[in-house]
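Please open the model in your viewer and keep the selection panel at hand. The stops below are to be taken in order.

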Amino acid sequence: MEKLDIKSMTMDVLKKEISLLKLPKFRAMQVFRWLQRGVTHFDEMTDLSKETRAQLEKHYWIPSVKVVQKRTSKDGTVKFLFRLYDGEMVEAVLMNYHHGYSICISTQVGCKMNCSFCATGKSGFSRDLLPSEMLGQIQAAQAEEAVRVSNIVLMGMGEPLDNYENVLRFLELVSHPDGMNIGMRHISLSTCGIVDKIYALAEKRLQLTLSVSLHAPNDQIRGRTMPVNRRWNIEQLLAACRYYAKKTGRRISFEYAMIHDVNDSEACARELASRLQGMLAHVNLIPVNDVTGAGYKKSGRGQLQKFASILETCGCTATVRRTLGADIEASCGQLRGKYEGGDRDEG
Ligand code: SAH
């Protein structure tokens, strides 16, 4: 009999399991709280009898997420490399903002999407992360730094909507009042544009922030940099975004990595503004990090400001985003999930 991942179970599922084991009902809540607090072994559940712990151990397992390397940036950003139960590695980034700690976590080992500017896809795709492994990244980072995280962004390695079921389960667990209790309004989910899943997510009417990696105003440019655009073009993507905004009442956040001479012209700004017209939207402009050897150059500061002001003039709100953790390769698109030499390096 294969053991089940108990930490990925929602409260309802856990209650059923506990009753199958003929244990008293209240055990479900106890076990749930221990798991959501980040215990790594059943023996740490000290208010359960030895027999009960042994019984749980026989039927279930708790997937591990261990810190194997840590790098701290000059700006205080911390990048973690984690080893998972099967030896696979993923990264997460902890950022300290004035309103609290925010963590950017991974949802897959590697990525299938292969955006030309992003490092993650370069070494291919290994597997989806379990809901428990998404929780585990947050718990391990919190324990390591002795802090509490108040915001989560699903913007690390992988495409969250390509691991849809597990990501939804993670959202349910992390926002549970008896768990980490992080409200949906403190969570952002970033997607490269998996259109059918955007429609599916809209039906859930969650109050999280949907972030869409757009990075181009037309199919010609987007088709070159983001292969997903050949499956669903910009028109289809924006139709899904409009539907999502209408269903949830939530403003969509569009990510736009500014690449010199690729997508940063004034004509691009005007085209983008006209496509987003009338939509509940906000654009985040980020100078691209060249991590793929594609030879991409960041747009200059002036270009970013000009692009932003054209968008604003056309009625589209935009901000130029600050880059955190670039000195430790912790910025957007820089996560590879690889050792960079040295064990538990804190440099
Ligand atoms: N797969 C999801 C989430 C992971 S990528 C997505 O595509 O949205 C997180 C963000 O970093 C995305 O907006 C992505 O487009 C952006 N990104 C990737 N590589 C980048 C780079 N080299 N410079 C700036 N942003 C980058």
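**The ligand and its surroundings**

Begin by selecting the ligand and Asn289: a backbone N or O atom of Asn289 lies 2.6 Å from a nitrogen atom of the ligand. Please bear in mind throughout that this is a predicted model.

An N or O atom in the side chain of His215 is 2.5 Å from an oxygen atom of the ligand. Then turn to Thr191, where a polar backbone atom is found 3.4 Å from an oxygen atom of the ligand.

**The cavity**

How many cavities of 30 Å³ or more does the structure hold? There is one, and about 540 Å³ of space lies in this largest cavity. Select Phe117, Cys118, Ser213, His215 and Gly333, which are the closest to its centre among the 31 lining residues. Colouring by element then shows that strand 10 (187-191), strand 12 (252-258) and strand 13 (281-287) each give two or more residues to this lining. By class, the lining of the largest cavity comprises 16 nonpolar, 12 polar and three charged residues.

**The largest pocket**

Of its 33 lining residues, select Tyr97, Val153, Met155, Ser188 and Arg321, the closest to the centre. Elements that give two or more residues to the lining include strand 5 (89-97), strand 6 (100-105), strand 9 (149-154) and strand 11 (209-213). Colouring the lining of the largest pocket by class gives 13 nonpolar, 15 polar and five charged residues.

**The second largest pocket**

The second largest pocket has a volume of about 360 Å³. Select Arg37, Gly38, Val39, Gln139 and Ala140, the closest to its centre of the 22 residues that line this pocket. Helix 2 (27-37), strand 3 and helix 4 (131-145) each give two or more residues to the lining. Which element provides the largest share of the lining? Helix 4 does, with five residues.

**A buried loop residue**

Finish at Ser73, in the loop between strand 3 (65-72) and strand 4 (78-84). Is Ser73 buried or exposed? Ser73 counts as buried because its relative accessible area is 5%, and the cut-off for buried is under 20%. Display the side chains of Ser73 and Asp75, which make a polar contact of 2.9 Å. Leaving aside residues up to four places away in sequence, Ser73 touches Gly325, Asp327 and Ile328.

Note on methods:
Residues numbered from 1 in each chain as written. Predicted model: local features only at pLDDT ≥ 70, side-chain atom pairs only at ≥ 80, totals over all residues. Heavy atoms only, no water. Helix = DSSP H or I, 4+ residues; strand = E, 2+ residues; numbered from the N terminus. Buried < 20%, exposed > 50% of the residue type's maximum accessible area, 1.4 Å probe, protein only. Polar contact = N/O pair within 3.5 Å; in protein donor to acceptor, adjacent residues only side chain to side chain. Contact = heavy atoms within 4.5 Å. 1 Å grid on protein atoms, 1.4 Å probe; cavity = no way out; pocket = protein on both sides within 12 Å on 5 of 7 lines; lining within 4 Å. Points joined across faces, edges and corners; volume = space filled by probe spheres on them. Nonpolar A, V, L, I, M, F, W, Y, C, P; charged D, E, K, R; others polar.
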